[in-house]
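Q: Please go through this model and say, for each label, what it rests on.

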Amino acid sequence: MYDPSENAAADIAAHFHSFTNLAAHPEVGPLVITKGDGVFVEDDKGNRYLEAVSALWCASLGFSNERLAKAGSDALRGLPYYHTFTGRSNPTVIELANKLLSVAPVPMSKVFFANSGSEANDSAVKMIWYYHNAIGKPEKKKIIARLNAYHGVTVASASLSGLVTNHRDFDLPIANILHVDCPHYFRYAEPGESEEDFATRLADNLEKRILAEGPDTVAAFFAEPVMGAGGVIPPPATYFEKVQKVLAKYDVLLVADEVVCGYGRTGEMFGSTTFGMKPDILTTAKGLSSAYAPISAVMVNEKVYAPIARNSGTIGTFGHGFTYSGHPVSCAIALETLKIYEEDNVVGHVQSLMPQFWKALRSYEGRKYVGEVRGVGLVAAIELYADPENRTSFDPAVKAGARLVEIGLTQGLIVRALGDTIVFCPPLIITAEELDELFARFERTMAIFE
Ligand code: PLP
C-alpha cells in the first residue's frame, strides 16, 4: 500500500500534472526533486540520480550553473520586466535577437520571442497563415507535419504533433494540418530497401500528397531535424535533401523545429546543419536558456518577414505576441547560456564525448530485449522488444519501458521511456567519467530488467 510522504500527499491533493496518468497518480505519487548539482538531481528523501535526459531534454548546462543563476538574479534586480508590444524593447532582448541571428544555421532576418516550444510553433503556424494572406495566396494554408512528430501541446502545435496521445479526446488535429510518413527506417523500410531508397519513397509520397491536396493549398512543412519525443528518430540518409527538393518545387516553406536539437545536441550548433536543412523558419526553446528560464524563439528569413511586416502596416499592427515575449530575465539567462556554449566550446565537448557515448550504446546492440539503438550526437534511444530477432514488441500491458525507468531509479539513474523506447539525452556538460557512470548505472538497470 502506497504511503505518501507529506510532500507527496500535498502534491496528490492539489497538483494537476502534465503528461501523467492522473487516475493512477494517487496510488503512485510524485518523484519530488528538491535540488540539483551538475548532472545530478536529488529527491526529497535524499536519493541522488544521474539525470540522463537533462530533465525534459533541456537542462544542457546541468542543474547548478552559477553564471546562469547570477545572470537571472542580476536581471531581476536590474529590469525585472518590460514588454515588447507597440515597439517597446529592452537591452537584453535586443542583444539576444542579434546574437541568435549571428549563430543561426542559415541567414535569418528577425527573431520573435515566446515562452515555450509549443508557443514558438503555434506562432510559426500563425506567421505562415498571415504570410500567405499577405502575399495574396489565402488558399495556401495547409501545413504538413509527420506521424510521430512532437511539436508541442497548444492547439496548433499539438495538431502538428503526430502522436495519438496528443490528439485523442482533445478533438485534434484542427483543420488544415496533415501528416505524412514517419521517417523511421528500422520500423518502416520495406524488406531489402536501402536508407536512400526509403528516403526516396518518402519524398515521393510527400510529393504525391502535395499534388493530391493541390500545391496551391499547401503552405509549409514542419520537421524536427531528429524526431525527439516520437522516439529519437534521425532522418534516413538523403531524406532532407530529397524532401527539400519537393518543397522547393511547390513553393512550400520549411520550418525546422530545433526545440530539442538546437545548441549542440546533434554535435553541431543546430540539427539543421547536421542534416543539411535550409529552413525559412526555425523554432527553438529548451537549450536556449538551458531551461533556467522559460523562453523560446522563432527565427524567420527575409522572404517570410518582409510581407508580414508590410501587411501589418496595412492592418495597423501584427496582432500576435505574448505578455512575456522578450522577458528581460529570460533573455538575460539565454544570453548567458549562449555565451557559455561559446566560451566553453560546448559543441567541441559534445564531439569529444560522442565516440565514448556511441561505443557504450552500440554495445547494447544484439543484447536481450534490445531491438534498435539509434540517435545522433548526444541524443539516443534504445528500443526494447520482447523478441528483437522477430521484431516482436512487448505486450503494452507489460509496460516494459516504464518498468525499466523504475528500475533505473533504484540504481540512481533517470532515463525516460517513450513507450518501450528508452531515451538518453544527458546534459551537454557531462564529463567522460560521468558518462561511464551513466552507463554503469544503466548496465545494472538492464541486468535487473533481464
Ligand atoms: N518541439 C519539440 C521538438 C519538442 O521536443 C518540444 C517539447 O518537448 C516542443 C516542441 C514543445 O516545447 P514546450 O514543451 O516548451 O512547449
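A: This is a predicted model. By class, the shell around the ligand has 6 nonpolar, 7 polar and 2 charged residues.

Q: What makes a residue part of the shell around the ligand, and which are the closest?
A: The cut-off is a C-beta atom, placed from the backbone, within 6 Å of the molecule. On that basis 15 residues surround the ligand, and the closest are Ser 116, Gly 117, Ser 118, Gly 152 and Val 259. Helix 6, residues 117–134, supplies the largest share of this shell, 3 residues.

Q: Which residues make the contact of helix 6 with helix 13?
A: Helix 6 contributes Met 127, Tyr 130, Tyr 131, Asn 133 and Ala 134. From helix 13 come Val 304, Pro 307, Ile 308, Arg 310 and Asn 311. By class, 7 of the contact residues are nonpolar, 2 are polar and 1 is charged.

Q: Why are strand 1 and strand 13 placed at the edges of their sheet?
A: The sheet is open, has 4 strands in the order 1-2-3-13, and its pairing is mixed. Strand 1 (33–37) and strand 13 (413–414) each have a single partner strand, so one side of each is left without a neighbour in the sheet.

Q: How do you know that strand 2 and strand 3 pair?
A: Pairing requires at least two bridges, and 3 bridges join strand 2 (residues 40–43) to strand 3 (residues 48–51). These two strands run antiparallel. Glu 42 stands opposite Arg 48 in strand 3.

Q: Where do the domain bounds lie?
A: Domain 1 covers 31–64 + 345–449, and domain 2 covers 68–343. Their C-alpha centres lie 26 Å apart.

Q: What makes up the contact between the domains?
A: Residues count as in contact if their C-beta atoms lie within 7 Å. The contact takes 24 residues from domain 1 and 25 residues from domain 2. On the side of domain 1 that touches domain 2, elements supplying at least two residues each include helix 3 (54–57), strand 11 (370–376) and strand 12 (379–384). Helix 15 gives the most to that side, with 5 residues. By class, the side of domain 1 that touches domain 2 has 17 nonpolar, 5 polar and 2 charged residues.

Methods: Residues numbered from 1 in each chain as written. Predicted model: local features only at pLDDT ≥ 70, side-chain atom pairs only at ≥ 80, totals over all residues. Domains from an automatic or database assignment. Contact = placed C-beta atoms within 7 Å. Nonpolar A, V, L, I, M, F, W, Y, C, P; charged D, E, K, R; others polar.
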